[in-house]
Amino acid sequence: MRKIRILLIEDDKKKSDDIINFINARFPHFDVSLKESYHSGLKSLFKEKYDLLLLDMSMPTWDRSPFENGGEYEKFGGIKILKELNRKKKILPTILITMFDNFGESDNSITLSQMNLVLNNDYDSFYLGSVFYRSDISKWQEDLETLISSLRND
Amino acid sequence: MKLAEFKQGLFNQKSNKRNLFTNLKFAEIQDLRQIFRAYYKHPIFRLMVGKPDKPSNVEALVEVKTIGYTKSFIRELNWTIACCEQYKSDINLFLEKKNEYESLFLQGDFTGAEEILNNIFITHGVSIWWLENTLLLKEYKDGVKENWSQLSEFSKHISSPYVLFFLEKFSKRAEKNISYFRFKNLFNNIANELGIASVFNEYLCFKFSYSSFIGYTNFDYYLWLENQFPIIDRYLTMVDVLIEVNLHHTKNDTINFNEIINDLNNSFNDFRLKQLQNLNNQYIKNVQQKSYETMSVFDLYAEQNYLECLNTIPVLIRQDPLRIELYEVYVKSLIELNKPFRSVGLSELVDQILESLYNVYSRNENNEESVEWLLKIVQSFGSASWAKVLLGQLASKINLSNDVENYIGYSFINSEINNPRSIGNFIIGVDGYNSFKYTFPDSNSVIIQGYSWLYEESIPEVDKIKFHIYKGRRLFNSRKYDLACIQYEELIINKELTIPYYEEVVKNLYQCYVKTGRLIEAIRLYTNNFLANNYLVSSLEADNLIDEINRKDIDELGEDIGLPIFFNVVGAESYTQYVAYDSFLSYLGVERPTEIQNLDSYDKVSIIYFLKNVCKSEIMHYSLFFESSDDIESERIDICRILLGLDPENETEYYDEIAEVTQQSSIRNAIREVNKGKITININKLKSSEASNIKESFSRFRELASFSKNKDLVAIDSTSEILKNYLSNYENENELFDKVVFSHDPAFITFKVMFLEIRDKFILSKEYGLDGYLSTRIRHGTLKNHLRSLFESLNLITQKNAEGFYVENLYWSNRIQNEYLNEILQDSLRNFSKELDDLADYIIKELIQVKTEKYLDKSNALFDYSFSQDQLGSVFKHIRDANFKDYNEFLELITNLLVARTEEILTLIREILTNQIQSKFHLIITQLQNSIKLEDIDKLLPELSSAILKSNTDIQQELENVAAWFNLTEQSSNLILNIETIIKTAVEITNSIYPNNKIYPVIKDETDLYLSGQYCPQLIYINRILLDNIITHSGMGAEDLDVVISSNLDQTKETEEVYTTVLELSYTNNLHQDTDLKKLDEKLKHLAIKFNDPESKFENINFEGGSGLEKIKKILSIDLNVDDYGINFLVGNYSVEVKLSIRVTIKTVNDEKNQNSIN
């Protein structure tokens, strides 16, 4: 059976470990690659062939290293990646997986469900939905599994 | 409620009067009128309303007893109308005086204006309007100090904070030196600080800064709030509200506005109500008398009789300066005749308005400041109708908001003339046009408007250009945009077009392009005109074009360089600009701007603008064709080099940018170098200083080792700790036997003493030992501050006060606006601060410490250099068997052994930091996140939740960074930096550690020195310590801290190729006024004596805290091997200067920059 290739773009080590461990345990035939920035994520998306994208919302511009401080921290880097995919007509099923259930600032904030509606509307051809991740509660695993299963059923 | 019902309630002693009056507000207008007529002046009525309508002095101005808020616009409006109608004669008289006052003000007759104001005070009492205008008149008549004095005088008699708030704002708004934007910002800041409800903020904008807000809606609230104001203010606000409601079509269908406006016109003689009636009826029901004369001037202009306009208008303005429409005709006539501005000689104020309008209409170099000044005038004279007309004129020239049409309508209604321009936009339909034509039968202006709006088929004879202009308008208004494009495309190339008409052509052609989907043409038109004169696009609406572009595939528009320029000009966010940039480069088939071929083939201004303003790091960093920040910087430098050739006139700008980018890059490299590994052991120093000690011991050891190998000699092991350990451990007898054998072997004991002595020097030597570096580079504030800075930059932690309690986190308490939740939040944040500090302290005070089998103060210390008897025995055996002949071999082996142990320890520390310590941080952060979720604070402050989550991700990276410090580095460095860059690097590191207290020293590097080798990182360390001292000991907050750093070199011997001289570094900063200067001077003198004493040793080098001067001394004398250095302190008038002198050897380098270097 062909391995299902997933790209996870996530700069939080704990979160990426949790996600990768969960997918490895639950979907052993999935192959998860990890990228930690806007640049490395997008480059990989355009270079490699994936079946699914798991996308964080906020991320640094570049992969951090002793020689690179990561550049600008893109608060909505995930949306920019979606825009680039859309612009370059790269259709890839995508799940937003975020630790934020609210984006922006008090008077000008948008909840995750509102964000989900916007993204569903703007990228309906490939956006599958969002998962709210919390390291101390495992509900995100059920939500992620449901979304992945919906993809497989399609 | 009917009259009889009210009467019964009023005179029934048992009835609740407050309820009675609240219910009264729900009465129909006719009933209200009856009741008001009968009882408005009744004492109980007055008592309930609770305020004088015409207060006789400022003390009586506001007595807040506002009757219940109905939340219904029509109820509040009816109430206000009924109140105002009780004073209709007074109000009509006031309106006449107001007009006269405004006219005299514009004429510059301030004394006359003052007399009218006094008269208004006597007749109508005090009002907010009167206070506002008294302050304004003081400002213009007597200057700002009299404005302030008057404010102070009022304040003495006014107790209501509400009125005082108003007065203070009116006084500021009147001040000539407070610009439009500054007042707007001040006003916004106050609104934010007060945390006032948005509806009240909206009301304040309506009163103080009309153009600062779009979408006024809560008019019922404004009217209700003003119930407490004198009748004049209530009337003026009522009319303002009615205008707004009419303009924005927010009228409730159930309300008969025509009837209301008609009724009001029956009671009040107000030109604004008359204009409202015209608007509501869609024809000229009321002819304003001033219109006839004004219309004749409009006709002169329409007939292109500009000279006559210039002769007539000044006379008319002098007669009646309130007709602002004439101002526009006057300046446009000057422009048509290509004449410079000339004054009308009425008053400074009128001439300045005219000259500013002239600058704006001719789009000359004074356009921008003139726009700002006019906006300021409109703001200061906010209650004057003429200023409202002026706002409408200005709005159409600067595209004040997307609501320009409403500003224009606003100016028509606030005007004293029937403006033919309202045909088509506001007086719509053939009846409206015919009423104009009927009223002004011979007016060519009316016919031209009629032609433009398709009510006429022809126009009187005008010159060819004007005819095409009118024809263009007609085609545009009839929505024949394709035909209008043709018309305007022919016109736009006509060189005889004057600026106002050229601007009209550009504006309409632009809109035609957008409406017909000719987006590339629209973009070109926009950007070409922007590049020719950026004021020409002031009135173009970019949003419509952006919407159209977004509907298309932007890549299809990439063929034109105008696309990225357009998105840059309109200030689009960086990513959007990148998309346009990328579309353009993709069209060209290149990956980077420097790959663009044939630059000469582009319009020079466009390509320069593109390279200069679009191809910047913040836009290019989205491009996947770059590999790193360094790559982007290198591209930017190459772009600047191209620009040097294309735009030599601005070469200084490009050289400066190249220098800045290069320096930033050098600073980043230096920071990397400093951070890449902070662990150093000066092995060479260790070997050289230990050689003489070891030499003698080693030869004795050799003899003993050779002898004891075959003889069973016994000696006493003086390392009591080890002995104690052995004695307490009898379980394994064989092991014990081995140990005892070795422990009593005199050769072994000699070896052990030598080994442990070297080991102790290796870790604890004050001059070159490991612990000294740990203290200087890691424990001396660095590690804790680095960790803290991350949370400080996200405003999650605070510091302790003098009593040891964590202070309130004002950043969040200012945002939460709920006392109960704030208390909970502050408790959580205090706990969070404490737990983080405790963890950081644990890392520094317990983990990043050294221990040996003898030195056990820090039992958790990770730098564990304990060696068991087994390990020592094994080494001993190896050395004895290897039969080393030279002590250097012995030293080499021991130091290699110690370095290997260090590497093991560092690996372990990196592992602990990125795992166990990371988990501890994660736990603390999760606890905070959970604690704010308990009370749903996270929903109230989503940005707090974001900050907490971000800290969790950032700390992982920060711990990775910190872990990277724990690598052994060589004593050398590849850096080559000048002194300025070294200082800036230290400042940048310091600012990253104190993100909320950044300092911006003035740096004066008067040397040409470039430093290399160890000088770069070591001087960065020295600067870091001195900057830390300034921040910690000055007693000043960062915003008040003035720091000057300078460097000098005694260059008298510069002619020599290699010479020795003194490098002097000076650090000056101000001190808090509470500083005891005498005590400080004594303390610093003592420190200087100690520092400058060559015999002084580094007793406290391994301890943190204090001034860090011993660490500087160690860096200079040991790490840099400088034998002549000194420090001097100069305490001045609440300032202190630290002068550090270092004797250095300079090597002159004869390259093109003639730089010297120390290495």
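Because the model is predicted, local features need pLDDT of at least 70 and side-chain atom pairs count only at pLDDT 80 or more, whereas totals for chains, interfaces and linings use all residues. Residues are numbered from 1 along each chain as its sequence is written, chains are lettered from A and ligands numbered from 1 in the order in which they are written, and side-chain values use heavy atoms, with hydrogens and water left out.

**Exercise 1. Describe the fold and dimensions of chain A.**

Step 1: Taking helices (H or I, at least four residues) and strands (E, at least two) as DSSP runs numbered from the N terminus, chain A has 5 helices and 9 strands, and their order along the sequence is β-α-β-α-β-β-β-α-β-β-β-α-β-α.

Step 2: The radius of gyration of chain A, taken over C-alpha atoms and compared with a globule rule of 2.2 Å times the number of residues to the power 0.38, is 15 Å, which agrees with the value near 15 Å for a compact globule of 154 residues. Along the principal axes, the C-alpha atoms of chain A fill a box of roughly 45 × 35 × 35 Å.

Step 3: In chain A, 50% of the 154 residues count as buried, where buried means under 20% relative accessible area, exposed over 50%, and partly exposed in between (1.4 Å probe, protein chains only). Of the contacts (heavy atoms within 4.5 Å) in chain A with a separation of 6 or more, 67% join residues 24 or more positions apart.

**Exercise 2. Characterise the side of chain B that touches chain A.**

Step 1: The interface brings 41 residues of chain B into contact with 38 residues of chain A. The buried area, which is the accessible area (1.4 Å probe) that two parts lose on being put together, summed over both, is about 3300 Å² between the chains, and carbon and sulfur atoms give 49% of this area. B:Tyr575, B:His621 and B:Leu624 supply 18% of the area that chain B buries against chain A, more than any other three residues.

Step 2: The elements of chain B that give two or more residues to this side include helix H32 (574–588) and helix H46 (887–934), while H48(B) gives the most, with 11 residues.

**Exercise 3. Trace the salt bridges that involve A:Arg87.**

Step 1: A salt bridge is a side-chain nitrogen of Lys or Arg within 4 Å of a carboxyl oxygen of Asp or Glu, and the count between chain B and chain A is 6. One of these pairs is A:Arg87 with B:Asp555, at 3.4 Å from N to O.

Step 2: Within chain A, A:Arg87 also meets A:Glu84 in a salt bridge at 3.0 Å, and both residues lie in helix H3 (residues 77–87), 3 residues apart, about one turn of the helix. A:Glu84 is buried at 1% relative accessible area, and A:Arg87 likewise counts as buried at 10%.

Step 3: Taken together, A:Glu84, A:Arg87, A:Lys88, B:Asp555 and B:Asp582 are linked in a network of salt bridges.

**Exercise 4. State which helices of chain B are tied together by the pair B:Glu657 and B:Arg636.**

Step 1: The side chains of B:Glu657 and B:Arg636 meet in a salt bridge of 2.6 Å, N to O.

Step 2: Because B:Glu657 lies in helix H36 and B:Arg636 in helix H35, the pair ties together parts that are 21 residues apart in sequence. B:Arg636 is buried, with a relative accessible area of 2%.
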